[in-house]
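Me: I'm new to this one. Can you show me the structure, and then I'll ask about it piece by piece?

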Amino acid sequence: MDRSREAAGFRAQAQQAALFALLKSGVPTAGGEVAWPALTEAAARTLDVARASIWLLSDDHERLVPVDLFDLAAGRHGAAETLEATRYPAYFQALRWTRAIVAPDAAADPRTREYAADYLGAHNIVSMLDAGIWQEGEARGVVCLESVGERREWTADEQQFAASLADIAATVLVHEALRAARARLQETQELFEGAIRASPDPVAVVRLTDNRILLVNASFQQASGYEEAEVVGRTPIELGFWAYPAQREGWVRGIRETGSVRDYEVTFVVKGGRRRAFHLSGERLEIGGAPCVVLVARDVTDRKRQETLVSRIAQGVVAQTGESFFRTLVAQLADVLGADLAFVGELLPAGGGRVRTIAASSAQGPVADFEYELDGSPCQATIGGGVCAYPDHVADLFPRDTALARRGIRAYVGAPLGDSQGEAAGLLAVLFREPLEHPDFVENLLRIFAARAAAELERVRHLGALEHLAHHDPLTGLPNRVRVKQCVDAGLAASASGALLLVDLDRFKEINDTLGHAVGDVLLQRVAAALRDGLARYPGSCVARLGGDEFCVWIPGASSPVAAAAVASRVLSILTAPADVEGYRLQVGASVGIALSPAHATDSSGLLRCADVAMYAAKRTGSSYAAYDASQDPYSTERLALLSDLVSAVRGGELRVHYQPRVRLADGEVRGFEALVRWQHPRLGLLPPARFVPLAELSDVVRPLTMWVLEEALRQQREWRGRGHAVSIAVNLSARLLMDESCATRIAELLATTGADPAGLELEITESAIIADPERAGATLERLRALGVRIAVDDFGTGFSSLSHLKRLPLTALKIDVSFVRQMLASPADRAIVESTIHLAHDLGLAVVAEGIEDEATRGALRAQGCDEGQEWVIGRPMPGAVATAWLEERGA
């Protein structure tokens, strides 16, 4: 027992000596690279343990990282593998909750047996004593003692010694943290001062207790004009920095109340008495235990001046567009910059080698626009390389641009103007006769307005292109109808006289259809160029393409028929010259219509209409050209007035219906009447249908006109049948009404209203009405035929009917046109047409009616050919209803 107590005493002395030696050598305050090997070796040698090591927990407490391991037998320090919590969860859990793990049988202890399979077996470890390294109530690592090859019962003093080593390790960690903090603080201070000195903005540090300046950087010295030695230790008030006390008071109040101020606008007086505008920002902080403020100043003097000038220029051009914008812009630039010349120039389209100004100005006022060669000028460098500034000697730098020396120009700044596709369009430039002190400022100013100028230039060009497109023919480039009317009206306003020629090419459709549109288009382009060049001799002349193969020529001042005829002859000589197009030698003619002002019309619309009438007259007569003749004008003012009166006539009871009898040619029996309208005009008297029906066909008045005639005819038919006369009535149906989907319905209503017999009604339609829309016409005729109404084709042979159409339509009769009937005895061709028409109709199961029978010989010839019915004056003239009734009763029909 005494020997055991004596051994314990020896161990305690050795342990105390080891701890004292560690403390004396400064291990607790040493760095880890010194402390960790000292602690592990002291542990192993003092307790005679095979292995001693120190491990530190990672920040997330999921890994133990070895920092040193001492092997007593080998007498050296080594490394070990990192241990993962996921692999040894029980050990990590014990480490977090207990300060010591005493495991004489490590392989069996529940806290350490997880190591048995690999760690313990690999190193033949039997016993473990682990002392936790704790700091601020939290495990930070462990001091691990391991007995190799033999079991060891860890005594209380050994456990206490291990705990003491763990406490020293904890102290080492504390001092390491302090050293790291001091290093960071030192680094922060160095970075802080370095950042201040490196800042491009003026920076100063001011101590708040006495307002003295502690530190300034080079930018501060440059901006203020003071050296560092002149300001450090002095106050801003002593240096006279604050121009306005009220600004200082606001600044100080903001720092005291919030500790932070941003972009506070102030005016400082710098060395030499100059005043500069700054945006001042400040942040309050502790430096060396003293409250300080770090001030950052940004010189905004030039920017404010630029903003003022930009605002001034912008206000001048904000509401301007087009030429007004450009002229205002260069005038403002010349004024605010004191430039001797400011201009906006655009690249001319031909090769881009020349520039033409669209606005130019000097400080004294507007300058006349001019053109110049781009090559060898500073403008070439601007367009090719972006914004360029030459503060002095620009004439020497560009000797080929002699205008610079001639004008005495020394400085130049230019900015390119590009379009939205990035292509060069022009430039904005300012020129000075004196060296330029602040070229950067002028560059920035031009950059700002160059963007707007470029957009406006592109907009103007785009509008110009649209306007050109709106006023010119895209194929030939000639003015179009809109543009030529403007030219004519402008010419008439200037001289009130001129000749307008409408030119329609002959044989163009044949060429276009035969050789194709590509050849036709080239031919039109050749014709356009020939007319434009050939008529350039006439001052103020205008050649336009109205569309298709129709051209127009305006010659101001040529108001006489002789002068106009000479122009027409010139036009025809130009057009009849052969042209080689795509390997073909082509020749066209033309029909030219002439209208004169003031003889025929006094405005463009009137002249175009009159020239159109004359042109069609030239075509009808086969002459090359014709002047307007009012007697040949179907749309004269007289006829248009007549059309206006006709609208009132339908409602006002001015219309009359006359009836012309139709007889069966075989025996002369009366078969019916054709209803023919007349107009009892209050001024012109009784008008035949040829005077007003074609006019009615031009407007919707033909609908009520037709329905009125139809209603009157049906009432007359009912009256005749009531008197015992079984005759039919024929009424012309207008093309407009035939295309009306309600046509059959409206006629059915009339039949019901009048009580007329549908079988006694024959509706006459023209060939042109059918071929305009065969499908639609056929549908309407089918509905009419379903009512029991008979259908006849009027004036057969004068249109272009397709036999296939005739075969499909529900027709009952054909009426041979009067032009064939009247000439059939004198013309074998007309006789053959009449005879073939009769045979054709009968083959189709249709009756045949001949119009225009003027004598008994014609009547006999028709009867011999098998014609069914006929009508004309030889049979009976058109007569009013009462007269027709008497005529019927007289014949006993």
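Me: Which residue stands opposite valine 205 in S9?
Reply: Leucine 215 stands opposite valine 205. This is a predicted model, where local features need pLDDT of at least 70, side-chain atom pairs count only at pLDDT 80 or more, and totals for chains, interfaces and linings use all residues. Residues are numbered from 1 along each chain as its sequence is written, and side-chain values use heavy atoms, with hydrogens and water left out.

Me: How many bridges pair S8 and S9?
Reply: Strand S8 (residues 203-207) pairs with S9 over 4 bridges, in the antiparallel sense. Strands pair if DSSP finds at least two bridges between them. Strands (E, at least two residues) and helices (H or I, at least four) are DSSP runs, numbered from the N terminus.

Me: What sheet are they in, and in what order do the strands go?
Reply: An open sheet of 5 strands, in the order S9-S8-S12-S11-S10, with antiparallel pairing. Strand S9 (212-216) and S10 are the edge strands, and each pairs on one side only. From one strand to the next, the twist averages 30°. Angles run from 0 to 180 degrees between N-to-C directions, and axes are lines fitted to C-alpha atoms, for helices over the stretch in contact.

Me: Which strands does H9 touch?
Reply: H9 packs on this sheet and touches S10, strand S11 (275-287) and strand S12 (290-299). Contact means heavy atoms within 4.5 Å. The direction of H9 makes about 160° with that of S10.

Me: Switching to rings. How many aromatic pairs are there?
Reply: The whole structure has 20 aromatic pairs. Rings of Phe, Tyr and Trp (its six-membered ring) pair if their centres lie within 6.5 Å; planes under 30 degrees apart count as stacked, over 60 as edge-to-face and the rest as tilted. One of the pairs is tryptophan 242 with phenylalanine 268, edge-to-face, 5.1 Å centre to centre and 85° between the planes.

Me: Why does that pair tie together separate parts?
Reply: Tryptophan 242 is in the loop between helix H8 (236-239) and helix H9 (245-258), while phenylalanine 268 is in strand S10 (residues 260-269), so the pair ties together parts 26 residues apart in sequence.

Me: Are tryptophan 242 and phenylalanine 268 buried or exposed?
Reply: Tryptophan 242 and phenylalanine 268 are both buried. Buried means under 20% relative accessible area, exposed over 50%, partly exposed in between (1.4 Å probe, protein chains only). Ring pairs also link Phe220, Tyr226, Phe241, Trp242, Phe268 and Phe278 into a cluster.

Me: What charged end sits over the ring of phenylalanine 370?
Reply: That of arginine 407, 5.3 Å from the ring centre. A charge sits over a ring if NZ of Lys or CZ of Arg is within 6 Å of the ring centre and within 35 degrees of the ring normal.

Me: New topic. How many disulfides are there?
Reply: There are 0 disulfides, a disulfide being a pair of cysteine sulfur atoms within 2.5 Å. For cysteine 542, the nearest cysteine sulfur is that of cysteine 487, 3.7 Å away. Cysteine 542 counts as buried, at 7% relative accessibility.

Me: Back to sheets. What order do S20, S21, S22, S25 and S26 take?
Reply: They form an open sheet in the order S21-S22-S20-S25-S26, with mixed pairing. Strand S21 (542-547) and strand S26 (625-627) each have a single partner strand, so one side of each is left without a neighbour in the sheet.

Me: How many bridges join S20 to S22?
Reply: 7 bridges join strand S20 (residues 498-506) to strand S22 (residues 550-556), and the two run antiparallel. Glycine 498 stands opposite proline 556 in S22.
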